[in-house]
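Here is my note on the model you sent. Please read it with the structure open.

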Amino acid sequence: MTSTTMRPRGSAPHGSSSPGDALAAAPALLSSAGPRRRPARFPGPSAAPPTTADGPLLVRWAGADEGLRELVRDHAGALGMELSESPSEGTAVCLVVDAAALEHQERAVRTGRLPLLVVTASPEVPQEVWERALAVGAQAVVPLPAGSDGFLSHLAEFSRPRAASRILGVVGGCGGAGTSSFAARLAAAARTHGSTVLIDADPLGGGLDLLIEAPEAAGIGWADVSGLGPDDGEALHDGLPAVDDVRLLAATNHVGPAPEPLARVLTALRPLGSTVVVDLADGLVPDCAEHLDQLLLVVPASDHAVRATARRLRSWQLPDAIAQVVVRRRGPLTPAEVSQDLGLPLAASFRDGPAAAVPLLDVRRRGADRSARRLMAHLHQEQAA
């Protein structure tokens, strides 16, 4: 096991036999001999060290293990940040504690507003550490030095302004909800607001490239992102094929993404100021929820679809206020009834367009395209406010 991540509120995903089954592994970016800055996988300028008007960003440390403290210091330094043991949050982007501090200072760890990371020297995360970290709302438990890649990704994510890019996940509340079609229409609507990236993150889907009838074009696909780092976002964006002014990351003839490559891509795209629309498989939702600004659940207006959606929501255990519902008006329920039954805000509703219309390629004045435009205009105004 090289990197262990988990969500701050929730339990193992539905179907896992134990909490440890929910912990995802990521290849090590730095060798166990010591952290060393990795050259960018894609050509392009490196990002400048993150700073504020008050100086460099800080990683706050609370722990007694000197070896782990120095590893955390080296990782922070690799991203241009500094380690601080001051209790004042100041310009700190996160709090990092070792497993011993988590055990003896659990009440203190619960206080404060900083994202929390737990590090351990054990290559395998002990069950009791996992449980304590989950109880205090930790973003991740990371073994060091084995989990250097995941640790760097978390630090990079915390150091960047959340308003830089808006990352929207789109997922079906049940099978056959029309998720991919709405995601493509949402990306089409986002074009008028700036740079847009559409991501096919359904490993077992038919492929967004086929759905939108994208022409074959050279460019980066899921098979090419294994070496992606947190500062490779600009090169990734520029290397993606463009379809009607939307950058597309698709699987083409390869299998779609696992959780770790998807997290790498979203972390890298975060600082670019783009709109990123992710067509998500339901199984990937728990692993990427922390990277999303909003999760839009496409739900047909039927009791069967509402029940299926409610079951998925219970298994995902999402962060608060991230999920909204998009109602496909194909059933006896009204959009307001679907929203009320699920206890989620209503983001949009739409009726099916003509069967021959191709999402992204054929933009219509009414139907799902109009709903997508209204939703994107609202989100853009909300972000600008």
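The points below go from the whole chain to its strands and helix pairs.

1. Basis. This is a predicted model, in which local features need pLDDT of at least 70 and side-chain atom pairs count only at pLDDT 80 or more, while totals for chains, interfaces and linings use all residues. Residues are numbered from 1 along each chain as its sequence is written, and side-chain values use heavy atoms, with hydrogens and water left out.

2. Whole chain. The protein chain holds 13 helices and 15 strands. Helices (H or I, at least four residues) and strands (E, at least two) are DSSP runs, numbered from the N terminus. Of its 385 residues, 51% count as buried. Buried means under 20% relative accessible area, with exposed over 50% and partly exposed in between (1.4 Å probe, protein chains only). Among contacts with a separation of 6 or more, 73% come from residues 24 or more positions apart. Contact means heavy atoms within 4.5 Å.

3. The five-stranded sheet. The sheet is open, its order is E4-E3-E5-E6-E7, and the pairing is parallel. Strands E4 (82-84) and E7 are the edges, each pairing on one side only. From one strand to the next, the twist averages 30°. Two strands pair if DSSP finds at least two bridges between them.

4. E3 and E5. Five bridges join strand E3 (residues 58-62) to E5 in the parallel sense. Val59 has Cys94 of E5 as its bridge partner.

5. E6 and its neighbours. Strand E5 (residues 92-98) runs parallel to E6, with four bridges between them. Here Asp98 stands opposite Val119 of E6. E6 also pairs with strand E7 (residues 140-143), again parallel and over four bridges. There, Val118 faces Val141 of E7. From E6 the chain goes through helix H4 (residues 127-135) to E7, a right-handed β-α-β crossover. Right-handed means that, with the strands pointing away from the viewer, the path from the first strand over the helix to the second runs clockwise.

6. Is E6 covered or open to solvent? Strand E6 (residues 116-120) is mostly covered, with five of its five residues buried. Leu116, Val118 and Thr120 point one way, Leu117 and Val119 the other, and all are buried. In a regular strand the side chains alternate between the two faces of the sheet.

7. H1 against H5. The axes of helix H1 (residues 66-78) and helix H5 (residues 148-159) come within 10 Å and cross at roughly 55°. Axes are lines fitted to C-alpha atoms, for helices over the stretch in contact, and angles run from 0 to 180 degrees between N-to-C directions. Val72, His75, Ala76 and Ala78 of H1 make the contact with Ser148, Phe151, Leu152 and Leu155 of H5. The crossing is right-handed. A crossing is right-handed if the near helix is turned clockwise from the far one by less than a right angle, and left-handed if anticlockwise.

8. H11 against H12. Helix H11 (residues 303-316) packs on helix H12 (residues 335-342) at about 35°, with the axes 10 Å apart. H11 passes H12 in a right-handed crossing. Val306, Thr309, Ala310 and Leu313 of H11 meet Val338, Asp341 and Leu342 of H12.

9. E14 and E15. Strands E14 (residues 323-328) and E15 (residues 346-350) pair in the parallel sense over four bridges. Val325 has Leu346 of E15 as its bridge partner. The chain crosses from E14 through H12 to E15, and this β-α-β crossover is right-handed.
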